[in-house]
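Here's a quick briefing to read alongside the model. Have the sequence and the 3D view open as you go.

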Amino acid sequence: MLGDTLVADLTADDVRGWHGGMVRTDDKERRRRSQDSANRVLAILKAALNLAFNDALAADDRAWRRVGAFRGVGEARKVILGPDELQRLIDACPVGLRELVAAGARTGARLGELT
């Protein structure tokens, strides 16, 4: 918990513990998502603390500068649709878009390559 700690009293361990405390470990995907969220919140905290430091409200910024984000968790999930799912997607598209999505599905081409 950081709420009761003065900025001047923050340690890297305090910030690391707070950052890690946001991670859920139920399963692999939930862990990745919670680490990604924790990284976004950490970035906001660091921005606020950097502002305090730049405004001379904190004498030192080493405590939060030493805390890094979780690595490899902010990547988009790579989902490959099966044939049935792909057909449902094509069927759900309005006319005009349907042909474009179907052409991409047949060829593996990206939108920019089809237009």
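The chain has six helices and zero strands, where helices (H or I, at least four residues) and strands (E, at least two) are DSSP runs numbered from the N terminus. This is a predicted model, in which local features need pLDDT of at least 70, side-chain atom pairs count only at pLDDT 80 or more, and totals for chains, interfaces and linings use all residues. Residues are numbered from 1 along each chain as its sequence is written, and side-chain values use heavy atoms, with hydrogens and water left out.

**Confidence**
- Mean pLDDT (the predictor's confidence in each residue, from 0 to 100) is 89 for the chain, and 97% of residues reach 70 or more.
- Helix α1 (residues 12-20) has the highest mean among the elements, at 95, while α6 has the lowest, at 74.

**Overall shape**
- The radius of gyration, taken over C-alpha atoms, is 22 Å, whereas a compact globule of 115 residues would have one near 13 Å; that globule rule is 2.2 Å times the number of residues to the power 0.38.
- Along the principal axes, the C-alpha atoms fill a box of roughly 60 × 35 × 20 Å.

**Burial and helix α5**
- Within α5 (residues 97-107), the buried residues are A102, A103 and G104.
- Cover for the buried residues of α5 includes α4 (83-92) and α6 (111-114).
- After α5 comes G108, with a positive phi near 80°.

Definitions and conventions:
Buried means under 20% relative accessible area, exposed over 50%, partly exposed in between (1.4 Å probe, protein chains only). Contact means heavy atoms within 4.5 Å.
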